Amino acid sequence: MNHAPPVQAMQARVLIPFAIVTLIWGSTWLVIRDQLGVVPPSWSVCYRFLIAGLTMLCYAVVRGDSLKLDRAGVAFALGMALSQFVLNFNFVYRAELYITSGLVAVVFALLVVPNAIFGRIFLGQKVSARFVLGSAIAIAGLALLFIHEARRDDAAAGSTLIGIGTTLLAVLCASAANVMQASDVSRRYPMASMLAWAMLGGSAINAIYAWSTAGPPVIDLRWGYIAGLLYLGVLASAVAFTLYFGVIRVIGPAKAAYSSVLIPVIAMLLSTLFEGYRWSLLAAVGCALAFAGLVIALRARRPAR
């Protein structure tokens, strides 16, 4: 019987889920945009991770994974819930009230920068001079994008700054969750079970916050909103996070982070088509610098084979 060569098998194991995750997450920014309106953002985040958590719970049961967590596991799940599924996504949803979904995706691509800083502090991972150079170039590109947005409408400069600032807060929260995922503690528990409890915990925390700040639950019965919730909950959360973490286990977090360069490209194309994003030479140069800087930074952090 013929077997696929190890290299080809490895490529299929990485490239297929990598492509699926990139395509899904590249479109989520536009779907989130449609979720804003009737339903307060915190309730939308709550519904999203309720759906995602229940999906992961069913998946864990089908796999036969243990759903029990000890005290350390509960604390880890709550920390993951707060950083990844509460603060991160609440900031992202609110950022899209001020700037386009594509611009949010570009700013979020800077996730690799705090990842490196936190990885150095908490995991002892070294940061090279090339990574610092690439990060500086990416930040310069982001600055040009901000200048472009401010020039389009002087009155909207404040809103643009709020949107970018809110996205950066989301980036910091997501980075904290990434460091947690790279820790030894995360490997003690089945991925599906940990994700299920973290997502359900995040949904519960979001519900408490939403009820205390925006009032009782609100739902938008438009088919677009309901379909968007299912897309974000099942595909963009349950499926995508599972595939992405699987890729990380095969090639490591540094190479997996290349998705942060590809995802904004898809998001900016969709923003141009559906949100009427207007390009200029300054914006194009800013995007090019941001992407080039991220590629330089990520190439400096290749894990050993």
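The model is predicted. Its secondary structure comes to twelve helices and zero strands, and along the sequence these follow the pattern α-α-α-α-α-α-α-α-α-α-α-α. The chain has 305 residues, of which 49% count as buried. Among contacts between residues at least 6 apart in sequence, 90% join residues at least 24 apart.

**Aromatic pairs**

The count of aromatic pairs comes to eight. One of them joins Trp43 and Trp211, whose ring centres are 6.1 Å apart with planes at 65 degrees, so the pair is edge-to-face. Trp43 belongs to helix 2 (residues 41-63) and Trp211 to helix 8, so this pair ties together parts that are 168 residues apart in sequence. Trp43 is buried, with a relative accessible area of 3%, whereas Trp211 counts as exposed at 52% relative accessibility.

Phe85 and Phe241 also form an edge-to-face pair, with 5.6 Å from centre to centre and 90 degrees between the planes. This pair links distant parts of the chain, since Phe85 is in helix 3 and Phe241 is in helix 9 (residues 223-251), 156 residues apart. Phe85 is buried, with a relative accessible area of 1%, and Phe241 is buried as well, with 6%. Both residues belong to a cluster in which ring pairs link Trp25, Phe49, Phe85, Phe89, Phe241 and Tyr244.

The two pairs are set out below.

| Pair | Centre to centre | Angle between planes |
|---|---|---|
| Trp43 and Trp211 | 6.1 Å | 65 degrees |
| Phe85 and Phe241 | 5.6 Å | 90 degrees |

**Asn206**

Asn206 lies in helix 8 (residues 191-214). The residue is buried, with a relative accessible area of 0%. The side chain of Asn206 makes a polar contact of 2.6 Å with the side chain of Asn90. Leaving aside residues up to four places away in sequence, Asn206 touches Ser42, Val45, Cys46, Phe85, Val86 and Asn90.

**Thr100**

Thr100 is placed in the loop between helix 3 (71-95) and helix 4 (101-108). At 14% relative accessibility, Thr100 counts as buried, because the limit for that class is under 20%. Apart from residues up to four places away in sequence, Thr100 touches Arg33, Ser271, Glu275 and Tyr277. From C-alpha to C-alpha, Thr100 and Tyr277 are 7.5 Å apart in space, although 177 residues apart in sequence.

Key:
Residues are numbered from 1 along each chain as its sequence is written. This is a predicted model: local features need pLDDT of at least 70, side-chain atom pairs count only at pLDDT 80 or more; totals for chains, interfaces and linings use all residues. Side-chain values use heavy atoms; hydrogens and water are left out. Helices (H or I, at least four residues) and strands (E, at least two) are DSSP runs, numbered from the N terminus. Buried means under 20% relative accessible area, exposed over 50%, partly exposed in between (1.4 Å probe, protein chains only). Contact means heavy atoms within 4.5 Å. A polar contact is a pair of N or O atoms within 3.5 Å; within protein, one must be able to donate a hydrogen and the other to accept it, and residues adjacent in sequence count only if both atoms are side-chain atoms. Rings of Phe, Tyr and Trp (its six-membered ring) pair if their centres lie within 6.5 Å; planes under 30 degrees apart count as stacked, over 60 as edge-to-face and the rest as tilted.
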